[in-house]
Amino acid sequence: MNLRALRAIVRKDLSVVLQSKAVLLPIIIVPAVMLLVLPILASFAPQFVNIPGASDLGELLERMPEAFTQRFAGLSEEQTIVTLMLVYLFAPMYLIVPLMVASVIAADAFAGEKERRTLEALLFTPTSDRELLLGKLLSGFVPAMAVAWGGFLVYAVVANAAAWPVMGRVFFPTGMWWVLALWVAPAVAAVGLGATVLVSARVNTFQEAYQIGGVVVLPIVVLLLGQATGILVFSAALVALLGAVFWAAAAALLVFGARRFSRSEILSRS
Amino acid sequence: MSLYLIGMRGAGKTTAVRLLAGVLTPTSGSARVFGLDPSTDGVAVRRRVGVSTETPAVDDRLSGRAGLTAFADLYGVPVARVRERVDALLSSFDLAEAADRKVGTYSRGMRQRLALARALLHDPELLFLDEPTAGLDPVAARAVADRIRGLRSEGRGVVLCTHDLAQAQALCDRVVVLEHGRVVAAGAPAALAADLGAGVRVRLVASAPEGVDVAAQLRELDGWSAVAGEPPAAAGAAVGVPGDDGACVVAGVARDAEAVAEAVATVVHAGVRLYAVERELPDLEDVYFARHGKPRQPAAGERSGASGGVVAAKEGRR
């Protein structure tokens, strides 16, 4: 494996990505909203507990399984609301960050290069198909994890700081969130990459790849709804299991995508 | 040595380059480059060849220097030599001043030169250049052609794809004529022209007395074909006698030298004043059209303007 070539592909792709507003804006805005703005707003939620809709959280908790509600034993109503939102309801949303960053960069690195007609030059370099694919995957994976883990750190700091008046202690990250960040987030990023590789083989523009590849956000939406309705209750064990499922899906998508990834195939379709 | 792959668009020139560089897998047949099979030893082949694609394929968002540096790593240029190599190529291709500008601000000629520089980063033994002057203005095209001559003089092998037959005639040692993916002719341009057996193209610059039609006289002679005359105004200018109403320039294909001699005797006997009898050797364009079963119909002072992009201003080369 030519590690220098891999580094060159990643460096080149990231240099290009950082120049594109279409790629850069979602990478900045989405994590900023989800991991910075929302936790701050959520920390103030107890102050709005009496406004219409906010009391739904209490009703939601009543619908939850007893095993889950026991986790809030000993907490005040305000602390329960903050914990419910920052620890549990936002957990599936956090997964959108690595998924989105990986997908948008991979779409630019694969289909975007085709659209700009710069991919051909890369195909004529003395790299193997496998090195080319791996380099492109890393171009999406490395920044996705950098943003996801950096965002996790920011979220932890912001959540603890903003909720300090209510919680009075460092309550975050919980064990479940460590599993979520270190085990599930990379798996979700890999799923985004796998889906984008598959889609990019069939389309020729960044927008097409990004939009079609965007359907992989649906499992996250399902998790979000499941969590919000009480059908699914996140715990460290369940999150670990979810991670395994995402890794399996990612492996299937990447193996399938890798089989179809060849210079010949790319040139035949472009 | 330089080899030209020539043919109309869609003839298979680009596909041939892709197959030889091992980036396209053949559905049938095989190829050898440096004794290697590109379909199985593509990486080894690409270490020794440089390719400049028809579109320059340079990234607008990077500077010229950043793009070349990235590709130097991909081509395995020794780390300690990357900066020196990139600087040398930027300078050699007159891009040093624009090196740190985004490629998006480059002219088409500059982008083409950057693509050529990139193809040379790893000092390849063989270069594949696909339509390197396509879309360039005459000045930029000449600059690129000069670079290609320079590469040849360095002893590098150059395989050049073009549908510009004039360029091929000027630069190549050997040509391969492709049509629908098949080789229809191959060899040195002169040898191909000699094999053509198309006869001798002759151009007569004359002044004919009233009532004498030089073109008609040639058509009646045995051994002459494709005879045509220039418009009177153009012929007058060619003859260089102002107000000469009989000035004419007639061109045609004579079977052999005897046919030419007979034509000269005939028109002189008819009172025609001959100012010049010019023999034109068949060139790549004649070879090309002949191989396609469409012998070019010569017209005096013509600029061949065949369809499909074969446009070569032939005046001045003859």
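Reply: Happy to! In chain B, four strands make an open sheet in the order β8-β9-β7-β10, with antiparallel pairing. Strands here are DSSP runs of E of at least two residues, helices are runs of H or I of at least four, and both are numbered from the N terminus. Two strands pair if DSSP finds at least two bridges between them.

Me: Which strands stand at the edges?

Reply: β8 (224–229) and β10 (273–280) of chain B; each has a single partner strand, so one side of each is left without a neighbour in the sheet. Ignoring direction, neighbouring strands are turned by 20° against each other on average.

Me: And how many bridges join β7 to β10 in chain B?

Reply: Seven, with β7 being residues 200–207 of chain B. B:Arg203 stands opposite B:Glu278 in β10(B).

Me: Before I go on, what kind of model is this?

Reply: A predicted one: local features need pLDDT of at least 70, side-chain atom pairs count only at pLDDT 80 or more, and totals for chains, interfaces and linings use all residues. Residues are numbered from 1 along each chain as its sequence is written, while chains are lettered from A and ligands numbered from 1 in the order in which they are written.

Me: Where is confidence lowest in chain B?

Reply: In strand β12 (residues 311–312), with a mean pLDDT of 24, whereas helix α3 (residues 64–74) is highest at 95. pLDDT is the predictor's confidence in each residue, from 0 to 100. Chain B has a mean of 80, and 81% of its residues reach 70 or more.

Me: Switching topic: how do the chains meet?

Reply: 24 residues of chain B contact 23 residues of chain A, where contact puts C-beta atoms, placed from the backbone, within 7 Å. α3(B) gives the most to chain B's side, with five residues. The predictor's ipTM for the complex is 0.82, and its pTM is 0.76.

Me: Last one, what about α7 and α8 in chain A?

Reply: The axes of α7 (residues 129–167) and α8 (residues 175–200) of chain A come within 10 Å and cross at roughly 145°. Axes are lines fitted to C-alpha atoms, for helices over the stretch in contact, and angles run from 0 to 180 degrees between N-to-C directions. Among the residues that meet are A:Phe141 and A:Trp149 in α7(A) and A:Pro186 and A:Leu193 in α8(A).

Methods:
Contact = placed C-beta atoms within 7 Å.
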